[in-house]
Amino acid sequence: MLSLIVFLPIIAGLVILAVPSSQKQIIRIVSLLAALAQGVLAVLIWRGYDPALPGITAGPGGSPLGSFQFVEKIPWISLHLGGFGSLNIEYFLGVDGISITMVILTALISAIGVLSSWTIQKQVKGYFILYNLLASAMMGCFVALDFFLFYVFWEVMLLPMYFLIGIWGGPNREYAAIKFFLYTLFGSVFMLLVMIGLYFSVTDPVTGNHTFSLVAMATQSNYIKDAILGPANVFWRYVAFIVLFIGFAIKVPMFPFHTWLPDAHVEAPTPISVILAGVLLKLGTYGMIRINFPLFPEVFRAGMYVIGIFGAINIIYGAFCALAQKDLKKMVAYSSISHMGYVLLGLAAGNSEGMVGALYQMFNHGTITAMLFLLVGVIYDRAHTRQIEKFGGLATYMPVYAALVTVAWFASLGLPGLSGFISEALVFVGAFSSVTTRYIAMVSVLGIVFGAAYLLWSLQRMFLGQRKPDAAYDLVVGEDGHEHIHFHDWNGKLDLDGRELAMLVPLMLITIFLGIYPMPVLGMLTTSINKLVQVLSPVVMSQM
Amino acid sequence: MHSLIQLSIVVLLLPLLSFVILIFFNRRLPRRGDFIGVGILGTAFAISAYIFWSVIVQTYDPAFRIAWDFTWIDLGNVPGVGPLQIKMGVVIDNLTSIMLAMVTLISLLVHLYSTGYMAGDKNYGRYFAFLGIFTFSMLGIVLSDNLFSIYIFWELVGLSSYLLIGFFFEKQSAADAQKKAFLANRVGDIGMWLGILILYSQFHTFSFEQIYANLAAGKFGLSNGWLTAAGILLFMGCVGKSAQFPLHVWLPDAMEGPTPVSALIHAATMVAAGVYFVARIFVVLTPDALHVIAFTGACTAFMAATIAITQNDIKRVLAYSTVSQLGYMVLGLGVGAYSAALFHLVTHAFFKACLFLGSGAIIHAMHHEQDMRWMGGLRKHMPWTFATFTLATLALAGLPLTSGFMSKDAILAGAIGFAKTEGGGIFYLIPVLGFFSAMLTAFYMGRQIWLVFFGESRTHLKPAEDDHHAAHHAHAGHDAHTDDHHQEHGVHEVSWNMRAPLVILATLSIFFVYSPDPLDGGKGWFMKMIQTPATVVGEANHQIGDLRTPVSTATLAAAVPNVEVPAAEAGEHAGAEKGAHSYADMRQAEIVHAGHAAHFTAIYISSIMVLLGISLAFIVYVFNIIDPEKTAIAIRPLYLFSLNKWYWDEIYDATFIKGSMLLANILSWFDTTIVDGIVNGVATLVRNFAFLNDGFDRHVVDGLVNFTAFTVNTTGAVLRKLQTGKVQTYVVMLLLAVFGYFVFYLTRLIY
Amino acid sequence: MTEQLTTIGLNHYLTISAFLLGFGLFAVITRKNAIVVLMGVELILNAANINFLAFSKFNGGMEGVMFALFVIVIAAAEAAIALAIVINIYKIFKSVDVSSIDSLKE
Amino acid sequence: MSNPTYTVIFYLFAAITVCSAAFVVFTRNVIYSAFSLLFTFFGAAALYVFLSADFIAVTQVVVYVGGILVLLLFGVMFTNSIMKVQKSEVINIIPGTLLLVGMIGAMLYTFYTTHGWMPSETLLQGSIVERIGFETMSRYVLPFEMVSILLLAALIGAAFLARFDKSSK
């Protein structure tokens with residue numbers, strides 16, 4: 001099941017490989033079908049998922065079964081390294097509460113991305129092959145339970161992203177692409193070191209030899225006492241936590257490591273921005289939840305407030321930067337920096353409310369930001385510019401677009417009734433309830449106002465009022481006597497066309513539904529999160 | 001589930017239904033579906049009228065309360081807390097049922113009125129949809145039984161107000177106003193949210209009941225300072241929503257919206273929501289928090305009144321008077337005159353809605369002329385409007401026989417009592433400010449009446465091209481129905497669907513609706529039904545147990561004629577009635593007692609003040625004994641100070657807005673220059689190191705290598721001769737090699 | 001000696017194939033005309049065939065025969081391809097002079 | 001087998017083969033060499049018959065004479081004007097000659113000095129067509145199939161290479 005959902009896009013990619021590159025429509029349809037099939041599988045997994053099983057750590061008897069679901073566990077690589085002993089790598093997939101939502105999100109966003117890639121004209125074949133590879137790698141990251149496998153998917157993900165930005169990107173694409181690539185590579189190199197260190201300090205309780213299994217690693221009793229990252233080696237455990245955290249924080253992106261994001265977004269084509277903001281950023285926080293925190297709980301508890309402070313910086317700093325942007329897409333990019341700050345804050349809270357909020361925020365941010373970038377892409381297709389000053393009074397002429405933008409913008413600023421609100425609220429509830437992050441939460445509440453400020457301001461400048469004299473479009477009086485606007489070299493539908501609606505409306509419905517009744521997602525989360533909070537709580541640590 | 005609960009949920013959902021229908025299908029429906037909005041609201045009002053009837057009239061019980069809730073979010077078995085659910089719910093008590101009836105009634109009237117006022121607008125259908133969602137959110141606030149859902153509907157009210165203020169979004173001013181309103185509300189909401197968080201973080205619940213029970217049981221884990229902070233922070237929500245100083249600036253700008261919207265949202269209901277919320281959380285407010293609230297209210301009332309006297313825009317005058325009246329209510333709550341404040345909320349809702357709708361009628365008749373300086377003499381042309389407007393004005397000014405008189409006087413009495421109880425001194429500032437604002441109110445309302453309705457028409461005095469007027473004609477389509485010539489004969493009485501609401505609202509501003517005794521609201525049903533709940537904080541003696549035990553207290557409450565009795569009887573009889581009237585701590589009891597002692601003092605002073613104000617208005621505007629222009633010049637600085645609204649907008653613009661924009665620019669510069677600069681710098685550093693390394697490589701390592709390289713080079717030069725590129729040459733070499741091996745093999749073979 | 005000349009043994013065939021091989025190599029090496037080079041190749045293949053068949057004849061196995069068969073088939077394929085290539089070369093270089101085709105040089 | 005006529009015929013064909021091969025190599029005219037190659041092939045076929053591989057001989061005639069030679073002639077006609085004698089068409093003649101003489105000499109020396117050949121007493125007798133068929137279908141079926149695929153590929157490849165190229169026109 002999981003292998004299928006992971007490798008389906010790659011299969012589609014191979015099929016596309018066989019299609020002659022002139023058959024653009026066939027290529028698109030093939031990848032769309034693959035994405036839809038993935039979606040169907042995701043729904044099946046969702047239906048078959050049992051929210052009662054906690055996950056996070058091994059179930060009874062140290063085996064993942066009974067704790068994780070849809071588990072696929074077969075030996076993959078087994079090398080004998082002489083002095084180092086033997087290297088056992090497993091092909092180990094499985095989902096629990098914290099990955100099931102991400103799996104669904106990934107399937108959803110991939111499908112949306114394919115639809116949005118319909119307008120790509122340059123080297124369609126290569127584009128979609130890389131796209132499908134990327135989709136597979138992302139899905140793999142979320143379901144991999146073997147650290148080595150996770151790392152493989154993690155690295156595989158980089159390359160297509162690099163090319164997709166570097167070839168299909170905007171004018172300054174090479175710079176953005178190489179920046180993204182180096183940043184992430186920098187992070188993952190450390191991850192590799194920590195991974196090897198962990199391998200040699202963890203033994204599988206069942207077989208007794210070293211293992212990469214994250215499930216085994218998540219149980220502190222599996223650590224060899226005086227191994228390099230064993231419980232005795234406090235210093236190295238701290239170092240490992242920090243470098244691992246940096247590796248993930250780059251993906252999030254967290255404050256000092258965030259500068260690749262605006263460049264990448266501004267240069268990337270719309271579907272890639274959607275994927276990037278919708279799924280890739282989540283990988284950072286997902287990695288923290290899956291790997292960073294449960295493997296080093298005591299370090300996490302020591303560093304809670306630092307993470308919280310960085311989260312607050314992300315929230316407020318991102319909001320301010322967004323307030324100052326002139327490029328709409330850059331503004332949205334900074335807004336997603338700000339919103340990922342909420343995730344960090346919720347994680348730093350370390351209690352169930354906060355962590356549930358953080359995970360729910362990951363899901364909602366995926367859908368909402370995807371919506372934002374799609375909407376930005378819509379106007380960019382028409383006007384070939386994203387300068388906010390170049391618009392004005394659009395609401396009069398593109399009512400549907402204006403309405404959708406309003407909903408998306410309000411969802412992004414956390415309006416009740418839309419999903420973003422609940423997650424932010426839960427994050428704040430959690431962060432405030434935990435004594436560690438209480439004051440941080442009080443500061444970061446400011447983010448609510450400034451978030452509203454930049455979003456409403458851009459909304460006003462672009463859609464309300466009258467057309468600006470130097471706007472990117474002309475006013476023409478149509479045959480019906482009313483004034484219409486006309487974009488230079490755009491002869492498509494003025495307002496949203498069917499394809500764009502097909503991309504946006506589902507996301508919008510999800511946002512509204514989850515804003516009114518969040519339990520479908522939260523119900524899957526809570527058990528695992530409560531288990532995770534237990535794992536992270538000092539009580540469990542003291543027991544061993 | 002109690003039948004009233006079901007009905008109330010129906011009431012809550014009906015306007016939402018209207019919103020959904022109209023937002024999607026208004027263009028397909030006849031008349032853009034306005035009848036749907038009106039009809040649905042009519043139904044909603046009928047149901048809530050039934051609720052009102054069965055709660056207030058049938059079960060005549062001050063402690064009436066039914067609630068129902070359901071699990072909205074289930075967080076499972078949370079470590080350290082245990083099973084944790086976030087519940088949503090509905091509560092119906094006297095306050096709720098009264099608010100329910102009030103909101104639906106005014107909303108219905110505004111819907112009806114708008115069918116006339118907004119007729120012909122190009123977004124006519126959307127307008128009714130927005131009214132629908134606003135009513136939905138407002139009812140949500142009224143019905144909520146927990147802080148979380150109140151916060152949700154709070155924000156939704158903000159949203160609908162945003163949408164409605166910016167209804168004419170082509171106007172830049174409207175777009176600015178809606179943004180300003182939303183942001184100002186957000187600032188308030190932050191405080192409110194933090195207050196909610198403080199309470200939640202201790203009790204892990206949002207429900208009023210559980211929070212109060214826990215507080216009363218003294219389970220609050222943090223220091224008392226936190227509790228006061230919680231009260232003040234929660235109050236900040238009210239500051240934002242009901243436009244209290246210092247966040248009042250958005251309300252006057254909100255007048256950019258259509259006038260019926262101003263009547264519904266920015267006079268009657270939404271701004272009152274803040275006061276309602278403070279009343280809901282009244283019991284958690286510590287005395288210190290109450291002091292803050294009282295002073296805020298007093299300042300607001302006074303400041304707004306001083307601003308109102310110099311405004312020329314008819315709607316702005318009313319807006320500032322709204323701010324001022326809201327200040328009264330907050331003041332009332334602050335001083336502990338709980339029921340008086342809520343009484344004023346209701347009465348004010350009716351007469352202020354009447355005033356706004358009347359001004360709307362005038363503006364409509366004057367073809368979107370809003371400046372009072374160019375009106376006048378409308379008395380003859382619009383008798384209905386004149387009558388109702390005047391009646392509402394008297395109520396607002398607080399003359400006897402009106403509803404406003406009773407409520408305002410009750411508040412002021414409470415203020416005096418409060419000052420007395422708190423031991424005078426600075427606290428006397430509050431009643432003083434209150435009375436002074438009462439005088440100012442009378443003055444500016446008299447001025448308005450005179451300028452608008454009396455004298456001769458001054459339309460011709462108006463400067464030829466007036467940007468204000470042009471701005472009104474700017475929003476397209478809105479003038480479709482108004483012929484552009486606005487001579488006097490264009491002025492005429494408005495049609496019935498705009499007149500009927502005026503009449504109804506005016507009727508509701510007369511005293512007998514509320515109390516048999518025109519001089520004492522305390523004798524009326526309202527003050528009996530709405531009674532001060534026992535505080536659960538401060539020096540509370542924990543009587544939370546019998547705070548809300550309906551049945552036993554019902555008969556008692558019915559038996560008690562009016563409010564000061566329990567305080568009196570509290571002295572005589574045993575504490576049975578204490579439970580009944582729920583003065584959990586003596587402080588409140590004293591305040592109320594002193595308030596009722598000060599009842600007639602308040603009446604006298606306020607009547608004198610009102611008469612003073614009205615006579616001043618007459619002196620200035622009717623008999624022209626004092627010429628307003630000359631006065632204005634005489635006290636020019638004060639005049640300008642008032643005319644420019646105490647320069648609040650300028651101050652905020654200079655400090656917060658400019659400041660945050662500056663900060664934003666600085667930070668983004670920091671982002672692109674410093675942070676990114678560091679990143680790129682590291683990259684360059686690495687590259688330079690690479691170059692350095694390369695140089696070392698070339699000069700030292702290569703130095704050793706070069707000799708080998710040279711030899712290799714020469715041999716290569718020789719061997720290159722053989723590289724002819726001709727296949728056959730290669731074949732020759734190959735074969736020579738083979739031949740060589742062959743010979744070698746043969747020699748081996750031989751020897 | 002006469003006996004050796006009159007009774008036809010393995011060496012006779014080997015001698016013939018040796019000559020064919022030598023001539024073929026000579027042609028491949030020295031001739032400039034690509035066609036003639038091809039002919040040389042054919043000669044070499046024939047030499048090989050003769051050897052195959054001779055050996056299989058003189059130790060009674062079938063392997064040599066089969067391989068000869070395959071060699072013929074492959075020779076046919078090779079000839080076809082090679083000639084096609086020659087034609088292309090002629091199209092491009094307007095000559096079949098092998099020595100003038102030295103783009104392998106740089 | 002010391003049948004004199006047999007011996008004579010063998011020498012005759014051997015002479016035809018070798019001489020025509022020499023003529024192929026040494027004549028300067030492509031057409032001549034092509035035609036004399038014909039004789040070489042026939043001679044070779046005859047020798048195959050002597051080696052009691054008559055099927056191979058027939059194949060040799062059919063494939064080489066019928067196919068390859070015709071191909072070669074076509075090639076010649078495509079590339080040269082017929083009967084034209086090309087001047088200076090030999091390169092590195094010295095190593096060529098050396099190799100020719102050396103190789104042949106060395107090989108003959110080897111053949112006639114080594115007595116390593118020990119012909120088994122069971123010689124290949126009679127017609128072997130049936131056995132070829134049997135072997136082809138049983139033991140050499142995989143090479144057989146591979147060769148057929150190779151032929152197909154060669155066919156397509158040749159057609160592709162020598163196709164009428166529009167772009168060059």
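Guide: Let us begin with helix 2 of chain C, residues 10-30: its 21 residues reach 30 Å from first C-alpha to last, close to the 30 Å expected at 1.5 Å a residue. Helices (H or I, at least four residues) and strands (E, at least two) are DSSP runs, numbered from the N terminus; the expected span is 1.5 Å times one less than the number of residues. This is a predicted model, in which local features need pLDDT of at least 70, side-chain atom pairs count only at pLDDT 80 or more, and totals for chains, interfaces and linings use all residues. Residues are numbered from 1 along each chain as its sequence is written, while chains are lettered from A and ligands numbered from 1 in the order in which they are written.

Visitor: Is helix 2 of chain C mostly covered or mostly exposed?

Guide: Mostly covered, as 18 of its 21 residues are buried. A residue is buried if 20 or more other C-beta atoms, placed from the backbone, lie within 10 Å of its own, exposed if 12 or fewer, and partly exposed in between.

Visitor: Which residues are buried in helix 2 of chain A?

Guide: They are Ile27(A), Val30(A), Ser31(A), Ala34(A), Ala35(A), Gln38(A), Ala42(A) and Ile45(A). That helix, residues 24-48, has 25 residues and reaches 36 Å, close to the 36 Å expected. In general, an α-helix has 3.6 residues a turn, so residues three or four places apart point the same way.

Visitor: Turning to chain B, why does Leu100(B) count as buried?

Guide: Because Leu100(B) has 27 C-beta neighbours inside 10 Å. Leu100(B) is found in helix 3 of chain B, residues 94-117.

Visitor: What does Leu100(B) touch, beyond residues up to four places away in sequence?

Guide: Leu100(B) touches Ser8(B), Val11(B), Ser48(B), Ile51(B), Phe52(B), Leu139(B) and Val142(B). Contact here requires C-beta atoms, placed from the backbone, to lie within 7 Å. The C-alpha atoms of Leu100(B) and Leu143(B), 43 residues apart along the chain, are separated by 8.1 Å.

Visitor: How many residues has the largest nonpolar core?

Guide: The largest core has 464 residues, and those with the most contacts inside it include Leu345(A) and Val275(B). A nonpolar core is a set of buried Ala, Val, Leu, Ile, Met, Phe, Trp, Tyr and Cys residues joined through C-beta atoms within 7 Å. Its largest share, 18 residues, comes from helix 14 of chain B, residues 338-365.

Visitor: And what does a second core include?

Guide: A second, separate core of 74 residues includes Leu14(C), Leu38(C), Ala54(C) and Ile68(D).

Visitor: How many helices and strands has chain D?

Guide: Chain D has 6 helices and 0 strands, in the pattern α-α-α-α-α-α along the sequence. Of its 169 residues, 23% count as buried.

Visitor: How many residues does each side give to the contact of chain D with chain C?

Guide: The contact takes 71 residues from chain D and 65 residues from chain C. The largest share of the chain D side, 12 residues, comes from helix 3 of chain D. By class, the chain D side divides into 49 nonpolar, 18 polar and 4 charged residues. Ala, Val, Leu, Ile, Met, Phe, Trp, Tyr, Cys and Pro count as nonpolar, Asp, Glu, Lys and Arg as charged, and the others, Gly among them, as polar.

Notes
Contact = placed C-beta atoms within 7 Å.
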